Amino acid sequence: MSKKPVILVTRRLSDEVQQRLSNDYEPIFNSDDHVFSKSELIEKCQNVDGVLPCHSEVFSSDVIAALPARLKVIANHSVGVDHVDLVAAKDKGIIVTNTPDVLSDATAEIAILCMLAAARRGSEGDRMMRAGAWDFWSPAFMVGVQVTGKRFGIIGMGRVGQVTAERARGFGMEVHYHNRRRLDKVEEKGAIFHDSVDGLLGHADVLSLHCPVTPDTSGFMTTEKFDLLPDSAIFVNTARGALVDEEALVAALRSGKLFAAGLDVYRDEPGGNPELAALDNVFMLPHIGSATRDTRIAMGFRAIDNLDAVFAGHEPKDRVA
Ligand code: 8YV
C-alpha cells in the first residue's frame, strides 16, 4: 500500500475535519494552536507533501522559495488568499486552493450584524448596560439610524456580496454595487450597478466591503473616498482590514462624516486598532465572519476535497494558482 501524503495542518480545526484528515492522510497537527513564526512555518513544511493553512500563516515569496520540492499544494482554509504570494507559488509549481461558497452565509450574517449594531448603537448600549450605567431614559435617548428603505452599497459583488445583498433586501434596502464585472440580470436581482467605486459611494447610505485585497484595492478607502459617501453614512467591513486607511476611518468617525462603523477585520490582527476601540460609534468583532460550527466543518471539508483532488492527480475545484 502506498504511503499516505503528509499534511501540515497549521491551526486547530473542527473535530470532524481533523478526523477526516487522520483517516485519509498523515496529518501533522498544531496541538496547542499557536501561531507559527516564519522560521517555524518554513521548518515544519520541510518534510510534508502539502499544507492546510489559515489566513494566519503568511506564504510570502521568501517563504515559498524556502519550501521543499516535495510540497505540492497549499490548500487554504479560507476564501481570502492575500496571505499567499500566488505568483511565487505558481512559478514554483505549487498548487494553491481556497474555500469559496461555504462561508458566504456566515459572513453575510456578520455583515448584517455589523450594519445593525452600528446603525442602532449596539456597542454603546451593550457597554452601558454592563457598566450598570443605564440611569436615564427619554425619547431622545440612544436614537440611531433605521436602515429600512436606505441604500445598501456593496463593493465586491462576488459570492459573499450577493448573499449579503439578499439579506439587505430583507430589510427593505435598495442594493447598489460596484464590481469588476457587471452581473447578469438574474444575478443582479434588481441591484443597481455603478461602473466605478466613486460612482457608487454617493449612493451608499450603508457601505459594505466584500472585495479581496489586491495591489489595486489595498488601502483604497481613503479620506477622499469616505468624503464621497452621503453624510452620516454607515461603514461595514467584514472583508479585510488592509482595504482601509484606518487613520482616515478614525477621522471620518470622529468628524461625524460617518454615523458609525461595524467592523470584523483590521489592519493589525489579532489586536485591532486602539484608536478605533476608543470610539463609541464603532461596533467591533474579532474576525469571526466565518466562525460558525457548520461553516468551519464545511471549510475544512472543502480544503480536504481540494487536497484529495491534488493527490489523486486531478484538477482541484478551487484552484487559485
Ligand atoms: C477565516 C477569512 O476566519 O476565509 C477567509 O478569508 O478571513 C475567514 O473566513 C479564516 O481565514 C479561517 O481560516
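Helices (H or I, at least four residues) and strands (E, at least two) are DSSP runs, numbered from the N terminus. The structure is a predicted model, in which local features need pLDDT of at least 70 and side-chain atom pairs count only at pLDDT 80 or more, while totals for chains, interfaces and linings use all residues. Residues are numbered from 1 along each chain as its sequence is written, and side-chain values use heavy atoms, with hydrogens and water left out.

Two backbone features stand in loops. R121, which lies in the loop between α5 (104-119) and α6 (122-130), has a phi near 60°, a positive value in a residue other than glycine. A cis peptide bond with omega of about -10° joins E269 and P270, and P270 is found in the loop between β11 (258-263) and α12 (274-277).

The protein is divided into domain 1 (6-102 + 293-311) and domain 2 (104-284), with bounds that come from an automatic or database domain assignment. The centres of domain 1 and domain 2, taken over C-alpha atoms, are separated by 31 Å. To the contact between them (heavy atoms within 4.5 Å), domain 1 gives 7 residues and domain 2 gives 6 residues. The buried area, defined as the accessible area (1.4 Å probe) that two parts lose on being put together, summed over both, is about 570 Å² between domain 1 and domain 2, and carbon and sulfur atoms give 42% of this area. On the side of domain 1, the residues that lose the most area to domain 2 are H55, D82 and D101, which together account for 64% of what that side buries.

Salt bridges, in which a side-chain nitrogen of Lys or Arg lies within 4 Å of a carboxyl oxygen of Asp or Glu, come to a count of 26 by this rule, and 2 salt bridges are counted between domain 1 and domain 2. The side chains of D101 and R159 meet in a salt bridge at 3.5 Å, N to O. D101 also meets R302 through their side chains, in a salt bridge at 3.1 Å, N to O; this pair links distant parts of the chain, 201 residues apart, with R302 in helix α13 (residues 293-311) and D101 in the loop between β5 (95-97) and α5.

Aromatic pairs, formed by rings of Phe, Tyr and Trp (its six-membered ring) with centres within 6.5 Å, count as stacked with planes under 30 degrees apart, as edge-to-face over 60 and otherwise as tilted; the count comes to 4. The pair of Y177 and F193 is tilted, because the ring centres are 5.2 Å apart and the planes stand at 55°. Since Y177 lies in strand β7 (residues 174-178) and F193 in strand β8 (residues 192-193), the pair ties together parts that are 16 residues apart in sequence.
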